[in-house]
Amino acid sequence: MLQSGIDFGKIFGNLYESMGFVQGNWQNYVMLLISFILMYLAVVKKFEPMLLLPIAFGMFLINIPGAEKVLWGTYPEGKTSYDSVENRGLLWYLYFGVDKVIYPPLIFLGIGAMTDFGPLIANPKSMLIGAGAQLGIFVAFILASFLGLSVAAAASIAIIGGADGPTAIMVTSKLASDYVPTIAIAAYSYMALIPIIQKPLMRALTTKKERAIRMKPLRQVSKIEKILFPIIVTLVVGIILPDSIALLGMLMLGNLFKESGVVDRLSTQAQNGLMNTITIFLGIAVGSKAKGEIFLSIETLEIIGIGLLAFVIGTIGGLLVAKIMCKVTKGQINPLIGSAGVSAVPMAARISEDVGREYDPQNHLLMHAMGPNVAGVIGSAIAAGVLLACFGGFVDGTASEAVTAILNAAAA
């Protein structure tokens, strides 16, 4: 028998109040729609599905009305920091690797284990193209200074120009953690849209004659060169720019695993099991921070717009450097490989190959483009170190104040 003292009205009232549709707002439903669009792009269009799909699903989970307090936790009144969360849920623990900047270096470890630096070693001039492709980062930072954004926001937005998701996440986590979901989603979206963004720029900035240039085969790189390269690069860059060592060091360690030939199990694990696991955790964790009330704002649109401009200028910078090298070498370098100077490995290199073969089906630029492409990976890590070293002390100021201070220091 039921006890007469049970208050069924209160029980059903509590059940009603716990339902998601009672707790939700319009921002939640807009973000759910955006998550569906991202899942469509990942599954149907195959735009960077390895990370876009878990990001989209993390966004989907956290914006289901009422799910945040279960999956993430609750904030005490007046507190919004990551460490202040109470009743912590699964997504809070997964986000630990983003908040403490653990996931990005581990991603770079896997990238290093999958990357062949041979084309860059065979043609060191490719590093100039990779450096030119970082132009978008610094132009975007200066542009953001005119919009009155904080230096933390400006530096974090600018790094999107390197087309490197882990680098963008690392810089943003250290300088402006609230911007991580927006910047990460923007960075990976632009990486996924590389064919749409880069091909028109490549055709606009090169001539038909230049696009048909056939480059000489690269020389064979010895095993000892491939082993020494990651050690020397880590030592030189680490001494000059220690702020870049977390990303660059893990990138080169992964590559040393691969090229040494004595730790195949470690190399295989870095390329597969570890890389896949961290990719899942990183994607879901980043997506779980894309809450409607934070994501849907004018500031978010500014971030996406400046980030797109940074990526476009980065592509243009690589193309222009390659065109100059083409002129200097009297037509020995196809300028199309310049677009591969951004850090989207190996997608950007494949686009150089695709556009080149549109004008000469027998012209294979992939290996030549891989040189600037892996140089872009190194360049983005170095650029991240520069931003952290230069602007880490200006986090509370505006970008214009930081630029003025650096110019004054240079003048002195």
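Colleague: N255 first. Is N255 buried or exposed?

Modeller: Buried. This is a predicted model. In it, N255 has 1% relative accessibility, and under 20% counts as buried, so N255 falls in that class.

Colleague: Where does N255 sit?

Modeller: N255 is in helix α17, residues 245-260.

Colleague: And which residues does N255 touch?

Modeller: Leaving out residues up to four places away in sequence, N255 touches G112, A113, T115, F117, K226 and P230.

Colleague: OK, new topic. How do α12 and α13 cross?

Modeller: Helix α12 covers residues 165-175 and helix α13 covers residues 180-192. Their axes come within 9 Å and cross at roughly 165°. Over 145 degrees counts as roughly antiparallel, so that is how α12 and α13 run relative to each other.

Colleague: What hand does the crossing of α12 and α13 have?

Modeller: α12 passes α13 in a right-handed crossing.

Colleague: Which residues make that contact?

Modeller: From α12, they are G165, P166, A168, I169, T172 and S173. From α13, they are V180, I183, A184, A187, Y188 and M191.

Colleague: How many are nonpolar, polar or charged?

Modeller: The contact of α12 with α13 has 9 nonpolar residues and 3 polar ones. No charged residues take part.

Colleague: Moving on to α14. What span should α14 have, and what does the model give?

Modeller: Helix α14 is residues 194-205, so 12 residues. At 1.5 Å a residue, α14 should span 16 Å. The end C-alpha atoms of α14 are 16 Å apart, which agrees.

Colleague: Which residues of α14 are buried?

Modeller: I194, I197, Q198, K199, L201 and M202.

Colleague: Take α20. How do α14 and α20 cross?

Modeller: The axes of α14 and α20 come within 10 Å and cross at roughly 40°. That angle makes α14 oblique to α20. The crossing is right-handed.

Colleague: Which residues make the contact?

Modeller: On α14, the contact uses I194, I197, Q198, L201, M202 and L205. On α20, it uses L308, F311, V312, T315, I316, L319 and K323.

Colleague: How do those residues divide by class?

Modeller: In the contact of α14 with α20, 10 are nonpolar, 2 are polar and 1 is charged.

Note on methods: Residues are numbered from 1 along each chain as its sequence is written. This is a predicted model: local features need pLDDT of at least 70, side-chain atom pairs count only at pLDDT 80 or more; totals for chains, interfaces and linings use all residues. Side-chain values use heavy atoms; hydrogens and water are left out. Axes are lines fitted to C-alpha atoms, for helices over the stretch in contact, and angles run from 0 to 180 degrees between N-to-C directions. Helices (H or I, at least four residues) and strands (E, at least two) are DSSP runs, numbered from the N terminus. Angles under 35 degrees count as roughly parallel, over 145 as roughly antiparallel, 65 to 115 as roughly perpendicular and the rest as oblique. A crossing is left-handed if the near helix is turned anticlockwise from the far one by less than a right angle, and right-handed if clockwise. Contact means heavy atoms within 4.5 Å. Ala, Val, Leu, Ile, Met, Phe, Trp, Tyr, Cys and Pro count as nonpolar, Asp, Glu, Lys and Arg as charged, and the others, Gly among them, as polar. The expected span of a helix is 1.5 Å times one less than its number of residues. Buried means under 20% relative accessible area, exposed over 50%, partly exposed in between (1.4 Å probe, protein chains only).
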